[in-house]
Amino acid sequence: MTASRVLVLNSGSSSVKYQLLDMADSTRLAVGLVERIGEGTSRLVHEPLTGPGAAGGKRERLGPIADHEAALKAVAAELAADGLGLDSPELAAVGHRVVHGGTRFTQPTVIDDEVLAEIRSLIPLAPLHNPANVTGIEVARSLRADIPQVAVFDTAFHSTMPEYVARYAIDAATADKYAIRRYGFHGTSHAYVSRATAALLGKAASDVNVIVLHLGNGASASAVRGGVCVETSMGLTPLEGLVMGTRSGDLDPAVIFHLARVGGLSVDEIDSLLNKKSGLLGLCGDNDMREVQRRAEEGDASAQLALASYVHRLKKYIGAYSAVLGRVDAVVFTAGVGENSSSIREAAVEGLAELGLALDLEANAVRSPEPRLVSADYARVAVAVVPTDEELEIAAQAYALVTH
């Protein structure tokens, strides 16, 4: 029996998202989420998608889950109940989403003690994410020390950006000393979606230039030339770039100095303001795009302002990345907002006919889980909606690494 299953783990500070996939045919065997780890109100939702347990649908478990070790043991128990246990000889690898790989990790990497130490050393670059990623790796290694644990990095896909793009125009010695450069994030999504868009167009990824717009509560854009990322909107951290749910995106760095000198805010207060209290939330008090749109339609001025700011920034990046790529074959929308909001797609493309963009409004209005074109037949540049699948991308990269 050839081992072909991969367990994908996305460990957050108080949560673990997971999927078990069979890479023999890229099917999902089970999916689930553990949330509020460390609280008395912990919750585990598990859904088997194959085998005898699938007929029962989702199962929910409520009650205290003390830590990530307890969480992963609970996940293992749920999988075992469906005949999909972690002790199965069919499990080929565990794939871990790791947010920051710095400049060293530009490919999926089998985790050993040295690699884990390196990931831990990158915590200052991703203090909200890498600690939880490390914890998930440590626990998974303790549960199945005999199989490969593979780290797949959010930053890796963007490591191909030219040095003149990745560098900030600050003193080079200072930048090198503190590892200050543009890394980019959402890399597994941008990799998967850019490749899937090429397939939708019936072409090889190497023959296609794509602008990918990953629009969720966190949002980022990328310019992908021939399957290779040449520019992305997020930078040293996920704060740079588009207007997001709670993050400001691009702003004059002197705003920080002004808030410190004139407002008397501490570094931590400014960090919290820009990451957790800005974006749509800062402009109108809501970070759920559906609620912002509802309020805007009802005439709420602050929601209308937030929406206009969000769309304006999108247009700027579409235009800028059109200039970077020179030739654009497709602009593709993905993630929660990008996949589900026809009005955001329409607003983002409106007025960009000179760039070759035009929508088929009827096609754009149709909701579907399938990759699809929503551009007008006469448009020079395709507009696509491609659901992202970061878990499948992580599983595919991990499986390819351990089987070749």
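Helices (H or I, at least four residues) and strands (E, at least two) are DSSP runs, numbered from the N terminus. On that basis, Tyr-317 and Tyr-321 both lie in helix H11 (residues 301-325), four residues apart, or about one turn of the helix. This is a predicted model, in which local features need pLDDT of at least 70 and side-chain atom pairs count only at pLDDT 80 or more, while totals for chains, interfaces and linings use all residues. Residues are numbered from 1 along each chain as its sequence is written, and side-chain values use heavy atoms, with hydrogens and water left out.

**Overall fold**

- The chain has 15 helices and 14 strands.
- Its radius of gyration is 22 Å, close to the 22 Å that the globule rule gives for 404 residues, so the chain is as compact as a globular protein of that length; the radius is taken over C-alpha atoms, and the rule is 2.2 Å times the number of residues to the power 0.38.
- The C-alpha trace spans about 55 × 55 × 45 Å along its principal axes.
- Of the contacts (heavy atoms within 4.5 Å) with a separation of 6 or more, 62% are accounted for by residues 24 or more positions apart.

**Burial and surface**

- Buried residues (under 20% relative accessible area, with exposed over 50% and partly exposed in between; 1.4 Å probe, protein chains only) make up 51% of the 404 residues of the chain.
- The chain exposes about 18000 Å², of which carbon and sulfur atoms supply 54%.

**Aromatic pairs**

- Two aromatic pairs are found in a search of the whole structure; rings of Phe, Tyr and Trp (its six-membered ring) pair if their centres lie within 6.5 Å, and planes under 30 degrees apart count as stacked, over 60 as edge-to-face and the rest as tilted.
- The ring centres of Phe-105 and Phe-153 are 4.7 Å apart and their planes are at 10 degrees, so this pair is stacked.
- This pair links distant parts of the chain, 48 residues apart: Phe-105 is in the loop between strand S6 (91-98) and strand S7 (109-110), and Phe-153 is in strand S8 (residues 149-153).
- Both Phe-105 and Phe-153 are buried.
- Tyr-317 and Tyr-321 form an edge-to-face pair, at 5.5 Å centre to centre and 85 degrees between the planes.
- Tyr-317 counts as buried at 11% relative accessibility, and Tyr-321 counts as buried at 3%.

**Surroundings of Ile-111**

- Ile-111 is placed in the loop between S7 and helix H2 (113-121), and at 7% relative accessibility Ile-111 counts as buried.
- Not counting residues up to four places away in sequence, Ile-111 touches His-96, Leu-116, Ile-137, Arg-141, Gln-149, Val-150 and Ala-151.
- The C-alpha atoms of Ile-111 and Val-150 are separated by 5.6 Å, although these residues are 39 residues apart along the chain.

Terms used. Areas by Shrake-Rupley, 256 points an atom, 1.4 Å probe, with all protein chains shown as cover.
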